[in-house]
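Please look through the sequence and the model below before reading on.

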Amino acid sequence: MKLLTCPVNGPRPVSEFAYGGEYREMPDPATASDAQWADYVFNRASLPGVKKEWWYHVPSGTWFLAERDVQADVVHRTYLFGEGP
Amino acid sequence: MPVRLFRIGLSSAYPEPRMFRQPEQLRGAYDVVIIGAGGHGLASAYYLARDHGITDVAVLEKGYIGGGNTGRNTTIIRSNYLTPEGVAFYDESVRLWQDLSQDFDLNLFYSTRGHFTLAHTDAAVRTMRWRAEVNKHLGVESELVGPEAVKKACPQIDITCGGHAPVMGALFHKPGAIARHDAVAWGYGRGADQRGVEIHQQTEVLGIDLNHGRVAGVRTSRGSIATSKVLCAVAGSTPRLLDMVGIRTPITIHPLQAMVTEPMKPWLDPIIVSGSLHVYVSQSARGELVMGASLDPYELHSTRSTLDFAEGLANHMLDLFPFLSAAKANRQWAGMADMTPDFAPIMGKTPVEGFYLDAGWGTWGFKATPVCGKTMSHTVASDEDHPLIRGFNLERFANYELTGEKGAAAVGH
Amino acid sequence: MTRLPPIPGEWIDRTRLLAFEFEGRSYTGFAGDTVTSALWGSGVHVLGRSFKYHRPRGVLSFANHDVNALVDDRGSLNLRADVAALQSSMRLAAVNTYGGVDNDGARFLDRLSAFLPVGFYYKTFHHPRWMFPYWERLIRKVSGLGAPDFAAPRIRTPKRYDFCEVLVIGAGPSGISAALAAARFGAKVLLIDENARVGGSLTYARGGASESYALLQDLDRQLRAQSNVRVRTGTFAAGYYADNWVALIDAHKMSKVRAGSVVVASGVFEQPAVFRNNDLPGVMLASAAQRLIYRYAVKPVQRAVVLSANAEGYAAALDLLSAGVEVRAVVDLRTADDESPAAQEVRNRGIPVLSGSCVYEALPAPGLTDFEGAAVCRLHRDGRADVGTHRYFACDGIVMSVGFAPANALLHQAGGRMRFDERTQQYIPDVLPEGVFAAGRVNGVHELGARLQDGERAAHMALRHLGRGPASVEPPVAAETRCPSHPYPVVEHPEGKNFVDFDEDLQLKDFVHAVQEGFDSIELLKRYTTVGMGPSQGKHSNMNAVRILARIRRQPVGDLGTTTARPFFHPVALSHLAGRGFAPERRTPLHSRHERSTAVFMQAGVWMRPEYYSRDPKSKAELVLEEALAVRRDVGLIDVGTLGKLEASGPGAGELLERMYTGRFSNLKVGMSRYALMVDESGVIVDDGVVARLSEERFYFTTTTTGSATVYRDMQRLNAMWGLECGLVNLTGAMAALNLAGPRSREVLADLTDIALEEPAFPYLGARDGRVADAPARVLRVGFVGELGYEIHVPAENAAHVWDALMTTGARFGIRPFGVEAQRLLRLEKGHVIIGQDTDGLTTPLQASMGWAVKMDKPFFVGQRSLRIIEKRPLKQKLVGFALDASFVGPAPKECHLIIRDGQIEGRVTSVARSPALGHVVGLAMIAPEMAAGGTRFTIRVDGNQTVEARVVSTPFYDAIGERQKAAVPPPQREVLPA
Amino acid sequence: MNPTRLSPLHDRLARLRPVWGEVNGMVTPIRFAVTAGSAIELADLSALQRTGLKGPGAGDWLQARGMPVPPRPNAWAPLDGGGLVARLARSEFLLEDGLQGNFALAVHAGLRTAVSGVYPVLRQDAALLVRGEAVHELFAQTCNIDFSAIPSQERTVTLTMMVGVAVTIIDTSLDDKTCYRIWCDGTYGAYLWDTLLEIAGELGGGAVGLSAAWPDAPVATDTPSTHDNSHSNIQESP
């Protein structure tokens, strides 16, 4: 089973985690056009490659970010929000 | 003993011709280029040639015919969907399926077995009734039945599911069927080939040339092609192709895994699906139990297998059929499913003129193969979305008009 | 009886005789025997029938892929006779025969084989269409292997996790050498082998001498001396999964091992030669014959022709001789003489060696089950047999040693890339992923000494991967100087029956024909012929299939690419995969109280909740009605502890709720509560609950039962992202919650609490902390069921105590516990929406007629921007209340019955029930907006295609002004009492 | 007067007909009529006083009250009177008193009035003790963590999943006596207990009462409890 490294709890089997989806910057609701907003809500950068994703370590309730190659399923690094590179 | 087999048995030389040619090289231009020689791409080519007289068509395939999800799915065919758009669309598909073996003169083993979607909670029972009512209204044979009906059709089932998820009812869909998945691609391929379509295997698309926002050509690993119409039917590779023409969609790629047992004497007649147990299973004519579950939980562009999938599936299989403890799982595999937020496909014209999309097939693409061929060939030929697919257009997201099949397809099959 | 005198190292225990039955006849074997060795040792040679043509089959590989010798022992499905351990009182029968293995009624199919060409089932049975179901039924009758026993109980197995630093797969010479080398550096080593004992080929390939056995004993001694090596025999690696996660299977269970690094020393599968009748019982691989001899002391045949293409073949010939087998000749496919010592010895012993020759066909006695001899021909340069040179050898067996294919499935699964090595005529690892290493014959290293070295080298690499081991690792061992595998051990025959895949009964011509039909890539060929798709997964067939395709396409094997090898390496029982089958279940602290009150439980996610409380002989419907009426008339008590219960504290707490929920909470007074609705980013309703303000900076709030985990999760994430100064605590499990509801609820509670209950001290929607039955309690005045009501939240450990106190005190007010069903009914009378029942995966607040709960003038909340877009668009559907005439009789509508107008679907019923308080049927429906106006009549289609007239009415249906929940007032006059 | 406390495992324990005693107002098995094998001993310690706190200021707040604060996340430290303070992940703490000591109550009281950056966490765990030579086999069958590779002197706190339930596990082994503590959400307690007990039984162990789990436990045994289950059991027990 895949291993994922929680920045707080260390390497754990992926079954201890919940996938939080791609990390996305929210456009300013005040200035974004309807089309831009709908694009933010629905569309995804679905190309294979290294992506920034939310992951959640269930037993400890820890959210963190993972930079994962979604084709090779290799995690390059994980860190807590705001503590990244 | 059927005549055909006699002829083969008695002829000195094996009489069977090639099913499809292997064209030496790509030509410089085609009227239509179809990317992806899976069921959908080949079906589109077949109906373009047969129904629309468009035969100057190249089907480009990175790997080999039917090597993608066409050859990796669990072959379930049904039309018991939730939305009127969905039901009408898949019902037409089921209708087409019935004739394919004769159309192709190739036996697809299209086998109507009946399809039970089990409900283990009262919420599920409600959804099943909803689907049944919509189906009946649109003339599709579906009904909500009680546990006893399930037990009657499948006496071997443990209706209490090991005590922790008793079956409270089921949606019974009489036309539910299975077929030989590979043969579907071969049949469409042969039919298209006989009508002049060129199928180019081992030919990867490297880029799509646009000219003022419309399709001008396709660059491949075997040279460039000029064309004004490109149909994209590549399931798990859709994001790469869309990137070539700069279209953004909600599609994300998740693996869908499956598993098959060693052959055993056939005993399971209907197709059994359990949403809350995440199991669907049918028995092939070879005697193998073909089993699947829900999508992998996170995005992945790969067809790797996982052990926890096999463990979970086996556990729930034994909840339903405890006597299979000694049955052996023989092989695991996976496909790449191109998922959409509303569990409905994305089909038809796109912002790029001459670029037609047949995608978002998630876990339900196989059953739609014939109707996709029908509707996409119409759309490509007439440059007008076929009426049956208007609910599936790409704009529906920007317009906040999702189709809401989620209820019906919560478990992949 | 062909049992040999005792042989050093044999695996059988001659002191323990086991009696068993096969096909109704009684036999005996020894403890340590497999079913095959016991039968073969008893002179039984027809062990099974083939899948398609029902030809007799015996021993082929004797290495866990003799899938034509599958037996059934009273419902144990598809036992593999070649590896299944013999047990006394086994009652065995060959699978898939008609009337027994000897006179299988389906054996006529063999004579029809010409009419059953490759893929025949694609070519027929579909004309005329109506005939197909008959054909299909026939096919489903004859297909399949063993028959399951429907009465067999579920087997639960002790599945476990395991951990090691170096996992070595395969305990042959290279594997043992690797394990010892890793152990010398102190690594925790796990060494596994699927055989009953370690040693691999050392246990059977002896070349008629004793050195290899001596070496095995020495290695075994060294293994036992290493305390940090765990040896698990009878265990195979079923699959390799991400990050060195390997599934190990033994007779009783699966172990999931996480290894620091993995050494794959899985060896090779010996490959059959392809010639006419190469499937007859008596034709077997050399390694199979050797295993019979040295492991089980069984004489494989009496008189053999050895078909060889390598030194191993000559060694096998010597093993046969030492077992007293008469070797009529060694037929060598190669023209050049084999220079190995074994070959010299064979020639010295005067055994005829026919080089540049092949076995053209095996000659059966009538009935195929017995064996007469072998026809041997010289080979033309083009590889065809020169039938003119036909020579006949009487024998009862042909022993084949023409080459090997690597057992590299795990390396494939690990993501390794293989390349075809022309020198050894074998696929060998080209690129292996990090932490995975290959050693021995799977790595293309065949000489014994070299295999030992290669094991050590691989172990050192494995240690280096763990950051330990020797400073430098020795270079790869020198490449083989000889070729153990023949490039094309395939002989054509006009009459065919030269089998390539024994699982699927595929003959040479099937491949020729498939390619002729255009299936000329390895993947298409595999799919059309089904080669390698059988239970043995191509272990003895894929290599020859690739060679045949390459020959037809006049291409080097290396150019064809390889097919992937997916799990499982050998099939795995579902019970092994499932293990114990854990099913987590969540119980509220009041579970025992519900049991005592004879609750009927229902599942709500992982929770068990009382649906209603049974009281014989009353029906569910009656009891639900009684429970509801108890609440309307007097007082009822329900466990609502499954609701999510969260606390948000700190300066940022209010802001967090403002952003998470659609309503406004900044102006919520301390000590008051308010309904809260949550939508997702696309404006779709996802959850609701009640928010209570305990102090300026402290909020306590509830979520739906199913939503609790995800709501808490999302709040944690956004709280972190927004950097709000707010602490979130999930109290769902720690707090119990009881809803005491009904006109008498205040009287019941008054006796038990120090909280001032009367108006205006504790108004509707008020929230107070205090004590209930001495327990610290948080009490919310709620109105979900539409009566005066108190939601009492107490620590879980006090829940039973408080429940008991309320029931005792409530007794004189006629208190009754009520379940989920009654609550649904009561809330429906109030027109309260249940998220997920009255809404679906796309419902917005506007559609749910809950605009009142959405404050669009707030600066921001999740989903607000989307709702701005949605509110500009025409409404597609709207949730309304409806009622049937009081006079209505007949089949009542059910939830999800459709609303039909002019043959069109215009909506659906989401909730419906006969209101005991009102005496008629009321419900909620999603309906086309133009039909949503009060008083509009519409048609519901109910069961049996009946239709029912309903009219839109405003909600709440009951106590429209809500005076009852605000202040206890006498129950309404109109009541229907349960019949 | 204080209300009766009930262990999340109470009705599961009652089925095993224990001799009850009372600990901190909670009826707790002192010993069981049937004594199990000693390969694994499983005991309910839910009765111990327990509280939690979290937030950026939690660590400092504890320190200010002279309580030991584990220096790193997922570590624990002992408290006088046999208790412990466990640091869960980064800034959350679980305090549990032994049979003596009242840190938990003190902390609970200290947080009744709001403290900035410190948030009280009500703990109502099912709290287990498991020990014996077969404990690692029990873990092997229920939890995907190699506890044998975590030295007990490191005083590590492990937050992980066990048979599908989120648990907190620490190793309290002394010398050669393998001993672990397990906490989980009380509402999963019955399921976790039943599952562990079944496996423990197969491995030659079972449930033990406080007297075995904690020989020097000065608890009032056989006190007539207000709880009817316990009554009946006391009568039925020798």
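## Basis of the model

This is a predicted model, in which local features need pLDDT of at least 70 and side-chain atom pairs count only at pLDDT 80 or more, while totals for chains, interfaces and linings use all residues. Residues are numbered from 1 along each chain as its sequence is written, chains are lettered from A and ligands numbered from 1 in the order in which they are written, and side-chain values use heavy atoms, with hydrogens and water left out.

## Where chain C meets chain B

In this interface, 103 residues of chain C are in contact with 93 residues of chain B, contact meaning heavy atoms within 4.5 Å. Between the two chains there are 14 salt bridges, each a side-chain nitrogen of Lys or Arg within 4 Å of a carboxyl oxygen of Asp or Glu. C:Glu504 and B:Arg286 form a salt bridge through their side chains, with 2.8 Å from N to O.

## A sheet in chain A

Strands β3, β4, β5 and β6 of chain A form, in that order, an open antiparallel sheet of four strands; strands are DSSP runs of E with at least two residues, numbered from the N terminus, and two of them pair if DSSP finds at least two bridges between them. The edges are β3 (17–22) and β6 (74–79) of chain A, each of which pairs on one side only.

Five bridges join β3(A) to the antiparallel strand β4 (residues 50–57) of chain A, and A:Ala18 has A:Tyr56 in β4(A) as its bridge partner.
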